[in-house]
Amino acid sequence: MLGNIVVAYVKQAVRNSYICKIGCQETETPMTAAIDHSHPGLSGPEQSGTARDWDASLARRTKSLGGGEITAILSLAGASDVITFSGGFPDPATFPTGVLAEIATRLITQDPGVALQYAATEGIAGVRDYVAGRLGALQRRTPETGELMVTSGGIDCMELVAKSYLDTGDAVVVEAPTYLGAIMAFRGYEADVRGVPVDSDGLRTDVLADQLAAGLRPKILYTIPDFQNPTGLTMSAPRRTELVELARRYGFLIIEDVAYRDLHFEQAPPDSLWSMAPDVVLQAGTFSKIFCPGVRLGWAAGPAEVISRLVVAKQNSDQCSGALGQRMMEEYGRGGHMDRQIVASRALYMRRAALMSEALTAHMPAGTTWTTPGGGFYIWATAPDGVDTVALSAAARAQKVAYVPGRPFYPGEAGATQIRLAYSRVADELIDEGIRRVGEVLRTALEER
Ligand SMILES: Cc1ncc(COP(=O)(O)O)c(C=O)c1O
């Protein structure tokens, strides 16, 4: 089963043809009537028993969409015989099972009318109050009335923004490389996604400024300024100031994805973009990495006009984020458990990042470089020219190790020699062995060049 999944993934990535299987299953199209056998007049004998080509009826916007990578990453989640550096998964050791069991029991028995009921689309009032207070304490800015909503994780925010603001062909700027789920969300609405390079200070605002001066007019700029996915790098304070100035001057909305912001190692990141410029920044936050992804919860904080649009968009996507998860997160947070767990999580991920850095030094072939993250889940490695990390996924699978190849993290053609290595969920004692296997795969490929 696992082998089939990985083979399918590699084949899919190699031909760079992205098909969203989930989307296919759920697609409801006018075709439905044509194959409804309860209407004999619509199903001629030549159609009975014929395998349908459901892809033929895909929406144009879905046809070229990515998705195989994320499906493959999630499929590997339960693999026990592979050392998996692929998914951005929190370690289950950070999940507060005992406390949550107690909180869930209490909410279900004592407050089912709220915890088991539909919630307001913008989120339960008490939950928003808790999140607003948390932002005030951590980012020194408290959202004003209408500036905050609860989302079903960070990806929900990107989807709601794309749905609300993007017309076909609208330009969206992303970091190159960036979180591939965001590329998919914007492409899902037929945006023209453009990459701007990053360096050790984050997004190259000088390159962006040149492109804007040359006529680029994005509606949206998406950035992950803190311990970025996939590079682990952080945007410097001067770059943040420059980016905000450009947004004000050229009139685009910055989406600031703060998925890893709270998981810094030694040094906290600079001020959030949203706290610096709430007039032009929409912050997309998630509780997936600091609480648990199983509840699918996050927040969006930004201009009230934008938030009100996202609330409307959410009404016909999932209508509201799950009330039970919202209340569990609130109780957990108000009880002080979240803050305590974050301190422990930082230490865990810092130790794993250090172990991975040591292993890379020991096992990578000469000429390979990698980033040194100050927080978050990822190290981004670049092998010498001539290596194709997509093609090498099969060799890695044979060695029972998994990484994500670099290419899907770019909106254009790049990343052939790069790989993303997540250290977040690999046991300490397996990191060295896993990296040794990756090094072996790369070294063999380099020797065969
Ligand atoms: C940068 C970034 N944003 C958003 C997400 C999505 O998180 P969520 O589980 O909240 O949808 C991820 C998940 O890996 C991520 O890395």
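Confidence first: the protein has a mean pLDDT of 89, with 86% of its residues at 70 or more (pLDDT being the predictor's confidence in each residue, from 0 to 100). I then looked up residues 1-46, where the pLDDT is below 50. Beyond near neighbours in sequence, that stretch has 49 contacts in the model, a contact being heavy atoms within 4.5 Å.

Ground rules for myself: this is a predicted model, so local features need pLDDT of at least 70 and side-chain atom pairs count only at pLDDT 80 or more, while totals for chains, interfaces and linings use all residues. Residues are numbered from 1 along each chain as its sequence is written, and side-chain values use heavy atoms, with hydrogens and water left out.

**Sheet**

I traced an open sheet of eight strands, ordered S2-S9-S8-S7-S6-S3-S4-S5, with mixed pairing. Strands (E, at least two residues) and helices (H or I, at least four) are DSSP runs numbered from the N terminus, and two strands pair if DSSP finds at least two bridges between them. S2 (148-151) and S5 (202-203) stand at the edges with a single partner strand each, so one side of each has no neighbour in the sheet. I also checked S8 (residues 281-286) against S9 (residues 298-301): they run antiparallel and four bridges join them. Gln283 has Ala301 in S9 as its bridge partner.

I found a cis peptide bond between Ala176 and Pro177, omega about 10 degrees. Pro177 sits in the loop between S3 (171-176) and H10 (180-187). Another cis peptide bond joins Asn229 and Pro230, with omega about 20 degrees; Pro230 is in the loop between S6 (220-223) and H12 (237-250). Phe227 lies in the loop between S6 and H12 too, and its phi is positive, about 50 degrees, although it is no glycine.

**Ligand**

Which residues come nearest the ligand? Of the 14 around it, they are Gly154, Asp257, Tyr260, Thr286 and Ser288; "near" asks for a heavy atom within 4 Å. I sorted the shell into six nonpolar, five polar and three charged residues, with Ala, Val, Leu, Ile, Met, Phe, Trp, Tyr, Cys and Pro as nonpolar, Asp, Glu, Lys and Arg as charged, and the others, Gly among them, as polar.

For oxygen atoms of the ligand, I noted 3.1 Å to a backbone N or O atom of Ile155, 2.8 Å to a polar side-chain atom of Lys289 and 2.7 Å to a side-chain N or O atom of Ser288. Taken alone the ligand exposes 400 Å², of which the protein buries 92% (Shrake-Rupley areas, 1.4 Å probe).

Key
Polar contact = N/O pair within 3.5 Å; in protein donor to acceptor, adjacent residues only side chain to side chain.
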